[in-house]
Amino acid sequence: MTAVTTPGAQSAGTRSEGTPSPAGRPPESGNATSGPYSDLRIVPARHPGRWVATAGVAVLLAMVVSSLLTNDRWEWDVVAQYLTWPSILSGAWATIRLTAAASVVGFALGTVLALMRLSRSPLLVGVSWAYTWVFRSVPLLLQLLLWYNLAYLYPHLSLGVPFGPEFLWFDTLGVVDKFGAAILGLGLSQAAYSAEIVRAGILSVDQGQQEAAASLGIPRRRQATRIVLPQAMRSIVPTAVNEVIGLLKGTSIVYVLAYGELFYIASVIYGRNGKVVPLLIVAAIWYLVLTTLITIVQYYVERHYAKGAVRTLPPTPLQRLRWSSAVTVARLTGRPVPPHVPPAFAARARVGVLTRTARTPGGPA
């Protein structure tokens, strides 16, 4: 029986006579000319159910696209005309400002409320619980209207000593206008939900982390900022981003205050020209664009806080595209996969490739 030289052992010499080759091990190099296998092809697993489901979804998707393109009542020309209309752009910018300001107010106050709820002071715990209870119970529309009519209850706002002298004095209508009422309504309502999100994230961190940090003599503030919060952010970020997206869409309810956000501007325009559906589509497209941008930011924030939880960070969309392109080029040209491509992606280049090895007598089938 002649000796068999495997591709992985060529540098170390040939195998001795009578030493079998590793059973079931494919050649390690596509340039091998001899080995225990001949005309073997690496093929992917068969998934007929997946193909049937893909075909069904493709047919439904084609029907939807055909309906969108062939039905003239969608009036896509009107949609394209008003998509970048100056008043629509100003409404989109107003929606962005409302969302950003209300998110800052909501999560800043929500973090304070969460820390109050976790404190050992009965007064702080009671105040935090009562705030969350009230603002989660009252509908947002009702809160907006109450804040907008704050001047009826308090014509003037002042700062000073309770039951004592006043140091600063404000006219309520000059402070709480439409934008101020919208921020108060959205931000204070969001704070009640944010407090529970932050509290749940902090409680998700194992108690042993704080005990280990305390045993090392780390100050409590450093424990919170460098140990507890970075781990809690993995639980906080997904839910918090969902709240921000809900807040972005919830700004449309501010139309009751006649504030010029996106939905209000769209409703004013279609009230004048009668193009209801095209203007609603314009607003929907802008909401979709803004939500997509928030989702992209969420991906990178989650990836940042996953550094201490996973061994290998998930690839970014650009990395995935670059690696897939390198694998495709390698399969089409026969060139080796670049070394920067991870093994999980590089393995795809070998699927369906014909090996060039010669079968030996008596080798495995």
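## Leucine 68

In this predicted model, leucine 68 is partly exposed, with a relative accessible area of 29%, a value that falls between the 20% under which a residue counts as buried and the 50% over which a residue counts as exposed. Leucine 68 belongs to helix 1, which spans residues 48–70. When neighbours within four places in sequence are left aside, the contacts of leucine 68 are with Trp74 and Trp76.

## Helix 11 against helix 12

Helix 11 (residues 262–273) packs on helix 12 (residues 276–305) with the two axes 8 Å apart and at an angle of about 165°. Because angles over 145 degrees count as roughly antiparallel, helix 11 and helix 12 are described as roughly antiparallel to each other; the crossing of helix 11 past helix 12 is right-handed.

On the side of helix 11, the residues in contact are Leu262, Phe263, Ala266, Ile269, Tyr270 and Asn273, and they meet Val276, Leu279, Leu280, Ala283, Trp286 and Tyr287 of helix 12. Sorted by class, this contact between helix 11 and helix 12 comprises eleven nonpolar residues and one polar residue, with no charged residues.

## Helix 5 against helix 8

The axes of helix 5 (residues 140–148) and helix 8 (residues 178–203) come within 8 Å of each other and cross at roughly 140°. Since an angle has to be over 145 degrees to count as roughly antiparallel, helix 5 and helix 8 are classed as oblique to each other, and helix 5 passes helix 8 in a right-handed crossing.

From helix 5, Leu140, Gln143, Leu144, Trp147 and Tyr148 take part in the contact, meeting Lys178, Ala181, Ala182, Leu184, Gly185, Leu186, Leu188 and Ser189 in helix 8. By class, the contact of helix 5 with helix 8 contains nine nonpolar, three polar and one charged residues.

## Strands 1 and 2

Strand 1 (residues 156–160) and strand 2 run antiparallel and are joined by five bridges. Within this pairing, leucine 157 is found opposite phenylalanine 170 of strand 2.

How many of the six residues of strand 2 are buried? The number is zero, so strand 2 (residues 166–171) lies largely in the open. As a general point, side chains in a regular strand alternate between the two faces of the sheet.

Note on methods:
Residues are numbered from 1 along each chain as its sequence is written. This is a predicted model: local features need pLDDT of at least 70, side-chain atom pairs count only at pLDDT 80 or more; totals for chains, interfaces and linings use all residues. Side-chain values use heavy atoms; hydrogens and water are left out. Helices (H or I, at least four residues) and strands (E, at least two) are DSSP runs, numbered from the N terminus. Buried means under 20% relative accessible area, exposed over 50%, partly exposed in between (1.4 Å probe, protein chains only). Contact means heavy atoms within 4.5 Å. Axes are lines fitted to C-alpha atoms, for helices over the stretch in contact, and angles run from 0 to 180 degrees between N-to-C directions. Angles under 35 degrees count as roughly parallel, over 145 as roughly antiparallel, 65 to 115 as roughly perpendicular and the rest as oblique. A crossing is left-handed if the near helix is turned anticlockwise from the far one by less than a right angle, and right-handed if clockwise. Ala, Val, Leu, Ile, Met, Phe, Trp, Tyr, Cys and Pro count as nonpolar, Asp, Glu, Lys and Arg as charged, and the others, Gly among them, as polar. Two strands pair if DSSP finds at least two bridges between them.
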